[in-house]
Each structure stands twice: as structure tokens, then as C-alpha cells.
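Thanks for coming, everyone. Please take a look at the model on the screen, and I'll walk you through it.

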Amino acid sequence: MEFRELLDKRRSVRKYSDHGVSREVVDSLIDATLTAPSARNTRSTKLMVVESAEKIEKMSQMRDYGSSFMKGAPLAIVVMGEREKSDVWRANCAISATILQLACVDKGLVSCWVQADGRPRLKSEPQGEQVDEYLRGLLSIPEECSVLCIIAIGYSDFEPAPLPSFEREDRVVWEE
Ligand SMILES: Cc1cc2nc3c(=O)[nH]c(=O)nc-3n(C[C@H](O)[C@H](O)[C@H](O)COP(=O)(O)O)c2cc1C
């Protein structure tokens with residue numbers, strides 16, 4: 001697939017078909033994601049692959065806004081960072097997650113980012129239980145790691161609409 005086509009096809013898709021993702025395809029997604037650059041080559045990002053429908057359903061309850069769609073996904077990859085390995089573990093995780101989403105497009109999959117870091121479970125209680133704490137009770141997240149996001153992954157029965165325009169004039173400044 002041409003690079004531009006890959007970029008254009010990456011849309012956040014929150015509805016998935018029943019089709020599971022084979023181990024071979026999961027392995028290729030992981031291999032692609034691990035190529036991500038990291039600050040000082042610290043490679044602070046770790047991935048946790050979750051295929052259990054029961055666990056993904058529980059993960060979908062991690063927030064009361066913007067995560068419930070995850071329960072229909074056959075695959076969820078938790079993107080987490082080793083805090084002590086890099087002071088910019090979040091940036092490293094974000095690059096990894098982006099490459100993972102592009103790798104999904106390359107394999108004919110769709111995906112959506114679900115933010116965990118800095119998010120409370122209940123929108124109305126920003127100081128209440130945090131998503132990271134909830135996930136630790138559910139998954140075997142290593143103590144030294146924190147979760148940036150989860151990428152929900154699956155196949156789609158429909159072709160998402162093309163990306164809207166990018167407000168090029170507003171968002172790009174050419175320094176004279
Ligand atoms: C840092 C980040 C956090 C996001 N968090 C969520 C989320 O928690 N739930 C969700 O449904 N989508 C989430 N998204 C997906 C965005 O809503 C989506 O990328 C945006 O609306 C643009 O749509 P597109 O991805 O189809 O181009 C997130 C995306 C990014 C980059």
C-alpha cells in the first residue's frame with residue numbers, strides 16, 4: 001500500500017465484525033510496533049496483548065465515557081511505558097501506538113485509541129479512581145509501568161468515510 005493511502009485509510013473505527021485476529025497477524029502488528037523510535041533509544045514501551053472477550057469487556061468499563069465500544073473488539077493492545085527508563089515514556093508510547101494503528105491499516109484491520117493516562121473513571125469525578133488504577137486491578141500490569149492507552153483492534157464490515165480537511169491555513173506557520 002502506498003504511504004499516502006495508508007495515512008488516508010487510518011480512521012478511528014469503534015465497531016467491529018465477529019472475525020477474530022490470527023496469531024500471525026497479531027505477531028506482525030507487534031513486530032511493526034517494536035520498530036518505533038524512542039528517546040535515547042530507551043525502548044521504554046511495553047505491550048500487553050489481550051484477547052480474552054471477558055477481560056476486554058471489563059476493560060471497556062474503565063471509563064464512563066468513550067471506552068464502552070471496546071467491548072466488541074476481538075483484540076486490545078495495552079500500550080504502557082517503563083517510567084524509570086525514560087522521562088518521556090508517554091511520548092515513546094504515543095509513537096508506538098501510532099505505528100501500531102498504521103500497522104493495523106496495512107493488515108486490513110481497523111482500530112481506535114482509548115486514552116488511559118490522566119483519565120478518571122467517572123467524568124464527573126476527576127479526582128476519583130483513575131483508569132490506570134482500575135486496569136491494575138484487572139490486568140497484570142508490571143509495577144514499573146504506566147498505561148498510556150489501549151488500542152482496540154478488529155475487522156470492519158464498512159469502509160470509513162475519508163478524513164475531513166486539515167485546516168492547513170490555520171495549523172501551519174511558515175517562519176520567514
Ligand atoms: C491521544 C488520543 C486519545 C484518544 N482517546 C480516545 C478515547 O478515549 N476514546 C475514543 O473513542 N477515541 C479516542 N481517540 C480517537 C480520536 O477521537 C480520533 O482520533 C479523532 O476523533 C479523529 O478521528 P480519526 O482517528 O478517525 O481521524 C483518541 C485519539 C488520540 C490521538
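**Helix packing and cores**

H2 passes H4 in a right-handed crossing, meaning the near helix is turned clockwise from the far one by less than a right angle. This is a predicted model: local features need pLDDT of at least 70, side-chain atom pairs count only at pLDDT 80 or more, and totals for chains, interfaces and linings use all residues. Residues are numbered from 1 along each chain as its sequence is written, and side-chain values use heavy atoms, without hydrogens or water.

Back to the pair. H2 spans residues 23-33 and H4 residues 89-106; their axes come within 8 Å and cross at roughly 140°. Helices here are DSSP runs (H or I, at least four residues), and strands are E runs of at least two. Who makes the contact (heavy atoms within 4.5 Å)? From H2, Leu29, Ala32 and Thr33; from H4, Ser96, Ile99, Leu100, Ala103 and Cys104. By class, that is six nonpolar, two polar and no charged residues.

Now the cores. The largest nonpolar core has 27 residues. A core is a set of buried nonpolar residues (Ala, Val, Leu, Ile, Met, Phe, Trp, Tyr and Cys) joined through side-chain atoms within 4.5 Å. Buried means under 20% relative accessible area, with a 1.4 Å probe and protein chains only. Met59, Met62, Val78, Leu135, Leu139 and Ile150 have the most contacts inside this core. A second, separate core of 19 residues includes Leu75, Val79, Ile151 and Ile153.

Last, Ser44. This residue lies in the loop between H2 and S1. Buried or exposed? Ser44 is buried, at 0% relative accessible area. Its contacts beyond four places in sequence include Met80, Trp89 and Asn92.

Definitions and conventions:
Axes are lines fitted to C-alpha atoms, for helices over the stretch in contact, and angles run from 0 to 180 degrees between N-to-C directions. Contact means heavy atoms within 4.5 Å. Ala, Val, Leu, Ile, Met, Phe, Trp, Tyr, Cys and Pro count as nonpolar, Asp, Glu, Lys and Arg as charged, and the others, Gly among them, as polar. Buried means under 20% relative accessible area, exposed over 50%, partly exposed in between (1.4 Å probe, protein chains only).
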